[in-house]
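Take a moment to look over the model before reading on. We will walk through it one region at a time.

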Amino acid sequence: VDGFLWVEAEDFEDYGGWVLDTQFVHLMGSAYLIAAGTGRPVEDAKTKVLVPRAGRWRLWVRCKNWLKGYAPGRFVVIVNGKPSRVLGTAPSEEWIWEFGGEFDLPEGEVELRLHDLTGYYGRCDALLLTLDEGYRPPNDLERLREERARLTGRPLKPREMGRFEVVVVGGGVAGCVAAIASARMGAKTALIQNRPVLGGNASDELGVSVDGAAGHHPFARETGIIEELGREKARWGLSWSEVLKRATEREPNLKVFLNWHVFEVRMRDKETIDAVVAMNTLTGEIALFEGEVFVDSTGDGWVGYYAGAEYRVGREGKDEFGESLAPEKPDRITMSGCIMGGSGILGFLAVDVGRPVEFKAPPWAPKLPPPEKFGREIRLVHTGSWWLEHPGEIDDLWDAEKARDELIRISFAYWDFLKNRWPGREKVKTYELVWVPIWLAKRETRRLVGDYILTQNDVQAGRIFPDAVAYGGWPIDVHHPKGIFSNDEGPFHCNIPVPIYTIPFRCLYSRNIRNLLIACRAISVTHIALGTVRVQATLATVGQAAGTAAAMCAKYGITPRELLKTRIWELQQILIREDAWIPGFRNEDPEDLALRARVVASSTWEVEKWGREKVEPAPDLHPLNMRRAMMLPVGRTRFIEAVYVLLRSNREDSVKVRLGLRPANGPKDFSSRRDLAVAEAEVPPGRESWVRFDVKCQVDAPYFWVWLSRAEGISWRLMREAPQGSCRAYEEEPEKWCCKEGFYAVCSDPPIEIETGIRPENVINGLTRPIGGEPNLWASDPEKPLPQWIELRWEDMVEISTVYLTFDTNLNERGWRTAFVPECVRDYDLLYHDGERWAEIVKVRGNYQRRRVHRFEPIRTRRLRLVVLATNGDRSARVFEIRAYGPSGRPASRTP
Ligand SMILES: Cc1cc2nc3c(=O)[nH]c(=O)nc-3n(C[C@H](O)[C@H](O)[C@H](O)COP(=O)(O)OP(=O)(O)OC[C@H]3O[C@@H](n4cnc5c(N)ncnc54)[C@H](O)[C@@H]3O)c2cc1C
């Protein structure tokens with residue numbers, strides 16, 4: 001438009017030290033540049049514009065004084081070498097146009113520079129040069145949008161991006177898993193993400209670790225798509241963002257749209273979403289994505305909000321659901337987020353520069369509690385901890401920029417605390433603050449309401465719902481409502497372990513919007529239950545369920561609620577088939593031909609012998625400064641001649657130690673006071689040795705435990721592993737035994753022989769992980785060398801075109817760190833018998849995945865054989881499940 005020149009800050013040719021921030025486009029309308037200098041002015045951002053004609057141009061700058069009364073982020077615009085008035089000083093904290101002054105400019109090229117004055121987060125959205133003296137740019141967002149369109153020629157009418165069967169909005173871990181699940185079910189799927197990378201809180205930008213039930217329960221790691229991604233991540237040393245990029249790009253039915261922020265929906269009717277409207281966070285362009293079924297994975301429940309879905313924010317009162325951990329009265333308090341800068345950087349980054357560095361806090365840094373009331377253990381000094389949190393009244397939804405800015409202030413206050421007031425401040429003397437990241441990782445915002453609201457009582461009872469589709473097991477981890485200002489009340493409101501519980505499908509769709517599923521922390525739970533479901537591996541199981549359900553809704557033309565009524569079993573069976581675990585459920589897929597087969601194997605590890613050669617010493621030694629004990633299963637060995645324990649003596653003389661042997665009725669049951677035998681033995685001086693105690697006793701109980709008397713200068717070595725059901729304890733008070741993790745090094749003569757419960761037919765028992773002491777797998781005899789094989793045999797000829805194999809990737813490991821899990825099968829051949837000889841279906845070498853699916857031209861056979869040639873370390877071939885499908889029952893999905 002004649003007489004106007006509009007320049008977006010994000011369009012500058014060179015950002016210098018300024019950083020592009022697109023996190024708040026929905027609140028302030030556009031991307032902007034921020035001078036994140038940690039107290040040192042950043043380098044100028046520069047660009048050139050063509051001034052159409054010479055004249056006296058008036059400069060307007062859209063900027064923000066982010067802390068009224070302090071104006072921390074001041075800067076000027078330098079126009080052809082001449083500075084503007086100081087900007088970022090307005091008397092309000094709103095994004096507004098500040099007047100920069102008048103400039104006599106020639107026609108032609110003019111240089112513009114953003115020149116930071118403070119290094120304290122000054123921000124600039126756009127510049128406007130005008131010849132019109134009376135012109136005032138609008139501050140109101142709607143009018144600004146129109147004005148921007150008028151002056152830049154940017155169209156207001158949305159670009160049509162096409163119609164999809166499933167539209168997933170939000171590319172956190174759960175959203176990505178949902179989109180992959182949907183696409184693999186055959187639905188044409190769009191994934192819309194407002195960041196330049198995938199992963200949400202786990203992304204390269206933020207770097208939150210992905211956790212779930214495994215840290216707190218045995219064999220509880222989440223499987224399905226998240227396990228597949230985690231294995232790939234470990235194998236190739238990738239970040240979550242990288243692995244999600246690869247995985248989403250591999251899916252032919254999935255299209256990913258990065259840097260698009262959904263800010264509106266178009267409704268077909270009051271209860272049905274027709275399309276979502278998104279803004280490109282880099283260009284400001286508007287686009288429309290039409291769909292049949294929508295999945296809200298925004299973490300914030302934005303799609304639901306725009307569609308008018310019922311939602312909750314904050315804490316329920318105690319009475320509403322009878323939750324003992326809830327406050328008396330409801331309120332709008334939510335858990336704070338944190339600012340993060342990628343893996344391992346929380347709140348700030350400081351480096352040791354090798355010389356003393358002083359630090360003076362800026363005047364706008366808040367006051368933190370004094371050291372004696374700080375209430376937190378400080379372990380790291382180069383970066384902060386997850387409890388660098390603001391009070392829970394601050395609104396992470398509508399005041400998200402403010403929430404981020406409060407966290408910036410807290411980081412400076414905390415660094416001041418470490419440098420100047422912390423009793424351990426000597427440790428940070430030579431550290432210098434180099435970076436305070438600007439990226440906001442959120443913990444809690446909105447929760448959409450489904451047909452069921454999961455509560456504290458459900459998770460504490462470990463409920464198995466009939467419509468269970470996902471599960472959790474992380475503790476109820478709710479942070480203190482006052483954040484870092486909680487004083488010596490510490491960082492938690494509560495952190496209470498829970499058993500494994502299930503999440504019902506009814507929590508995964510909106511109560512009042514017909515075609516909206518939820519796959520993020522905004523699922524239908526109370527504030528207290530959110531404390532456990534919010535971790536990302538748990539949400540990944542939710543994502544797989546919601547994405548699969550979304551594709552089914554699209555395929556059958558039904559709503560999620562109708563799916564619940566008519567096809568929940570089908571959904572559960574598909575999830576189990578795709579290696580999701582639903583506690584309490586097993587494979588009952590009528591199409592799985594394996595369930596009708598007989599299973600035979602070349603060998604089976606039926607009995608585990610616990611002899612001295614099995615004991616692998618651990619680094620720890622525990623002094624016999626109290627009685628200590630170790631429990632083992634009795635197994636088939638009823639009569640025990642002698643017990644051996646591995647003891648270290650620091651003494652110069654030998655000393656006698658006593659050992660008692662008692663029965664136990666179950667694991668961890670140290671209640672018996674009845675010694676079946678007591679024996680004494682001498683511990684040789686000055687070394688570590690196996691000491692034999694002749695007990696000679698019959699044990700007619702399923703477990704036994706041995707205790708050792710106190711002995712000065714003698715310590716008991718721990719061992720790394722022990723037979724299932726083993727545990728150790730120490731005597732806290734006379735005959736009060738406290739059971740602990742880990743094992744003391746013990747074996748017996750004869751070695752105890754434990755039936756493993758491992759059988760070939762376990763591969764078709766419908767369960768694919770150890771549960772309740774049952775291994776649920778086939779493992780070949782570790783005494784017999786590989787190759788070993790396992791075979792499915794049918795009475796009649798069957799036609800097979802797909803085989804699913806599930807190997808062991810040690811679901812006890814908390815995350816996905818090991819590239820090649822030793823238990824996992826590495827090299828194998830899949831064969832079938834054509835009546836005369838064995839023919840090859842596929843040869844696989846170098847496998848590291850738990851789940852492998854092989855699709856091939858149909859074959860007719862009575863015998864299907866898996867030959868395991870090598871593992872990634874284990875001596876046994878270990879297989880949890882084999883499934884076989886014919887062409888008619890061929891599953892639609894495409895797991896690689
Ligand atoms: C500091 C911190 C530490 C934590 N520690 C752990 C931990 O150790 N382990 C663990 O498992 N969990 C942890 N959590 C919890 C966990 O990170 C969150 O609960 C989790 O990220 C929730 O996942 P989500 O998919 O719901 O949301 P997100 O991970 O936030 O993903 C949502 C995505 O949607 C995008 N989006 C939002 N709105 C829109 C829109 N309108 N249009 C398009 N895209 C949009 C967002 O940018 C984001 O990428 C932590 C959280 C925080 C804040």
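In strand S36, Tyr 703 is the bridge partner of Ala 664. Strands here (E, at least two residues) and helices (H or I, at least four residues) are DSSP runs, numbered from the N terminus. This is a predicted model, in which local features need pLDDT of at least 70, side-chain atom pairs count only at pLDDT 80 or more, and totals for chains, interfaces and linings use all residues. Residues are numbered from 1 along each chain as its sequence is written, and side-chain values use heavy atoms, with hydrogens and water left out.

Stay with S36. Six bridges join strand S33 (residues 655-664) to S36, and the two run antiparallel. Strand S31 (residues 628-633) also pairs with S36 in the antiparallel sense, over six bridges. Two strands count as paired if DSSP finds at least two bridges between them. Strands of a sheet pair through backbone hydrogen bonds, either parallel or antiparallel.

Is S36 (residues 703-708) buried or exposed? Six of its six residues are buried, so S36 is largely enclosed by the rest of the structure. Buried means under 20% relative accessible area, exposed means over 50%, and partly exposed lies in between (1.4 Å probe, protein chains only). Tyr 703, Trp 705 and Trp 707 point one way from S36. Phe 704, Val 706 and Leu 708 point the other way.

Now step back to the whole chain. The protein chain is divided into domain 1 (4-152), domain 2 (157-332 + 444-585), domain 3 (338-441), domain 4 (593-606 + 756-885) and domain 5 (609-755). These bounds come from an automatic or database domain assignment. The C-alpha centres of domain 3 and domain 5 lie 48 Å apart.

Next comes another sheet. Four strands form an open sheet in the order S4-S9-S6-S7, with antiparallel pairing. Strand S4 (45-51) and strand S7 (82-83) stand at the edges, each with a single partner strand, so one side of each has no neighbour in the sheet. S4 pairs with strand S9 (residues 108-116) over seven bridges. Along that pairing, Val 51 stands opposite Gly 108, and Val 49 has Val 110 as its bridge partner. S9 also pairs with strand S6 (residues 75-79), over five bridges. There, Phe 75 stands opposite Asp 116.

Turn to the ligand. How many residues surround the ligand? The count is 33, and the closest are Asn 194, Ser 209, Arg 521, Arg 534 and Gln 536. A residue is near a molecule if one of its heavy atoms lies within 4 Å of it. The shell divides into 14 nonpolar, 13 polar and six charged residues. Here Ala, Val, Leu, Ile, Met, Phe, Trp, Tyr, Cys and Pro count as nonpolar, Asp, Glu, Lys and Arg as charged, and the others, Gly among them, as polar. Domain 2 and domain 3 each give at least three residues to the shell.

Polar contacts (pairs of N or O atoms within 3.5 Å) come next. A polar side-chain atom of Asp 211 lies 2.8 Å from a nitrogen atom of the ligand. An oxygen atom of the ligand is 2.9 Å from a polar backbone atom of Asn 201. A backbone N or O atom of Gln 536 lies 2.8 Å from a ligand oxygen atom. Taken alone, the ligand exposes 980 Å², and the protein buries 92% of that. These areas come from the Shrake-Rupley method with a 1.4 Å probe. Strand S14 (260-269), strand S18 (338-340) and helix H11 (536-556) are the elements that give two or more residues to the shell. S14 gives the largest share, three residues.

Finally, look at the backbone. Most residues other than glycine have a negative phi, and most peptide bonds are trans. Phe 219 has a positive phi, near 50 degrees, and is partly exposed at 23% relative accessibility. Asn 776 also has a positive phi, of about 55 degrees, but counts as buried at 5%. A cis peptide bond joins Asp 749 and Pro 750, with omega about -5 degrees. Pro 750 lies in the loop between strand S41 (746-749) and strand S42 (752-755). The peptide bond from Leu 786 to Pro 787 is cis too, with omega near 0 degrees.

Notes:
Polar contact = N/O pair within 3.5 Å; in protein donor to acceptor, adjacent residues only side chain to side chain.
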